[in-house]
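Work through the exercises below with the sequence and the structure at hand. Try each task before reading its solution.

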Amino acid sequence: MATSTPKALAGEERPSPSPKSGGQGTGRSRRSALLHRLDVKGAPYTFVAPFFVIFAAFSFYPLVYTSWISLHRVELATLDSMTWLGLDNYIALWNDSRFWNALQNTITIGIISTVPQLLMALGLAHLLNYKMRNSLFFRVASLVPYATSVGAAALVFTMLFERDFGMINWGLGLVGLGPVDWEANKWPAQLAISTIVIWRWTGYNALLYLAGMQAIPAERYEAASIDGASRWKQFTHVTVPGIRSTIVFTIVLSTIGATQLFGEPLIFGQGPNGVTGGADNQYQTLGLLLYEEGWNNYQMGRAAAIAWAMFLLLVLVFVVQRMIARLRSRTS
C-alpha cells in the first residue's frame, strides 16, 4: 500500500478490479493450480492404477482366498460350506508320500528341462547374433514353438514317443536299439516331457539372450579381438558376463515355469493317467497333484494347501538364489 499510494494520487495506477472479478480470477488460478498438481502428482498413479486393480482382482484376492480355504475342509460342490481345520491340511500334506513324490518329479523334470534348454538357447542366440542372410526369418522361426499351443505340441510329441508306432522308437530300431515304453517308466517319461518343454521354450529364451547380446557395445569385442582373444574366449569373457542379468531373469522364469508344469504331463498321459502322472505317479508334478486333489477328489482345501506349498517353494528358491548372489559378490 505504501508504494501504490503515490501512483494513485498521480492518477497513474490502474483501477483496481471489482471484488467480483478478483474472486473469479483467484478461483480460476486456484483451479489451475489444483489441476496442475493433480496432473503432476496424480497422473502417474492413474496410469498404473489399472494394473493394480487387475492384480488385486485376479492375483491378490485369489492368493488371500486360497490361503483362507487351505485352513478349512472345503468340498468342490459346496464351496460355501467350510469346516475349520487349522494347519491339518498342511500336516496331512507333509505326511503324504504323493506330495514328496510330486515334488521330486517337479524338481527332476525342472532340472533336465531347464538346464539343456538354457544352454541351447544361449548357443542359438550366439549363432543368431552373427551377421547372416535372412537373419530375420531365423529369428522369427525360433519363436514358432513358443507360439504353438501347449496342447498341440504335447499331442504331437506324444505321438512321436508312442511305444508301438512312435517315430522315436522307429529311429531307435534303425540303430539296433530296442523300443522304449516311454510312458510306463519313470525316467523315459520324464525325459519325454522335458523334451516337449525344451522344444517350446528354447527359442523364446534365445531371443531374450539375443536382445541382451545386441546391447553389448561392439568396442568390447574389438578390444578383445585386438588382444588376441578367440571366438570362444570372446563368448565366455565378453558375451556371457554382458548378459548376466538376462541369464538370471531366464533362470527365474524357467524355475517358475517348471514349478507350475501342468499341460505337458497331463496330455502326455493320454487320459486318466495324465492327471495321476502315470499308473505309479512316475511323472506326476505338483501342478497335477493340485488338480487331482481339487477336481478329482473334490478336496479344495488340500488343493489350496498344495498351491501354497508351490508358492513357498518358489519363495525359498529365490531366497537361496539371492543369498548365493550376495556371497558371490562379497567373495569377488
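**Exercise 1: A loop residue**

Tyr-298 is located in the loop that runs between helix 15 and helix 16. The model is a predicted one.

Task: State whether Tyr-298 is buried, partly exposed or exposed, and describe its phi.

Solution. Step 1: the relative accessibility of Tyr-298 is 45%. Step 2: buried means under 20% and exposed means over 50%, with partly exposed in between. Step 3: Tyr-298 therefore counts as partly exposed. Step 4: phi of Tyr-298 is near 65 degrees, which is a positive value in a residue other than glycine. Step 5: for comparison, most residues other than glycine have a negative phi.

A further case is Asn-281, with a positive phi near 55 degrees. Asn-281 lies in the loop between helix 14 (272-276) and helix 15.

**Exercise 2: Two helices**

Task: Decide how helix 15 and helix 16 are oriented to each other, parallel or antiparallel.

Solution. Step 1: two packed helices are described by the angle between their axes and the distance between the axes. Step 2: helix 15 covers residues 286-296 and helix 16 covers residues 300-331. Step 3: their axes are 7 Å apart, and the packing angle is about 160 degrees. Step 4: angles over 145 degrees count as roughly antiparallel. Step 5: helix 15 and helix 16 are therefore roughly antiparallel to each other. Step 6: the crossing in which helix 15 passes helix 16 is left-handed.

Which residues meet where the two helices pack? On the side of helix 15 they include Leu-286, Leu-289, Leu-290 and Trp-295. On the side of helix 16 they include Met-300, Ile-306, Met-310 and Leu-313.

**Exercise 3: Two aromatic pairs**

Task: Classify the pair Phe-51 and Phe-55, then the pair Phe-161 and Trp-182, as stacked or edge-to-face.

Solution. Step 1: ring centres must lie within 6.5 Å for a pair, and by this rule the count comes to 17 aromatic pairs. Step 2: the rings of Phe-51 and Phe-55 are 6.1 Å apart centre to centre, with 20 degrees between the planes. Step 3: planes under 30 degrees apart count as stacked, so Phe-51 and Phe-55 form a stacked pair. Step 4: Phe-51 and Phe-55 are 4 residues apart in helix 2 (residues 19-69), which means about one helical turn separates them. Step 5: Phe-51 is exposed at 53% relative accessible area, while Phe-55 is partly exposed at 38%.

Step 6: the rings of Phe-161 and Trp-182 are 4.8 Å apart centre to centre, with 70 degrees between the planes, and the pair is edge-to-face. Step 7: this pair links distant parts of the chain, 21 residues apart. Phe-161 is in the loop between helix 7 (150-160) and helix 8 (167-174), and Trp-182 is in the loop between helix 8 and helix 9 (186-214). Step 8: Phe-161 is buried, at 9% relative accessibility, and Trp-182 is buried with a relative accessible area of 9%.

Which residues form one aromatic cluster? They are Phe-51, Phe-52 and Phe-55.

**Exercise 4: A residue in helix 12**

Task: Find out whether Ala-258 is buried or exposed, and what it touches.

Solution. Step 1: Ala-258 belongs to helix 12 (residues 244-259). Step 2: its relative accessibility is 13%, so Ala-258 counts as buried. Step 3: leaving aside residues up to four places away in sequence, Ala-258 touches Thr-106, Gly-110 and Thr-114.

Note on methods:
Residues numbered from 1 in each chain as written. Predicted model: local features only at pLDDT ≥ 70, side-chain atom pairs only at ≥ 80, totals over all residues. Heavy atoms only, no water. Phe/Tyr/Trp six-rings, centres within 6.5 Å; stacked < 30°, edge-to-face > 60°. Buried < 20%, exposed > 50% of the residue type's maximum accessible area, 1.4 Å probe, protein only. Axes fitted to C-alpha atoms, helices over the stretch in contact; angles between N-to-C directions. Parallel < 35°, antiparallel > 145°, perpendicular 65-115°, else oblique. Left-handed = near helix turned anticlockwise from the far one by under 90°. Contact = heavy atoms within 4.5 Å.
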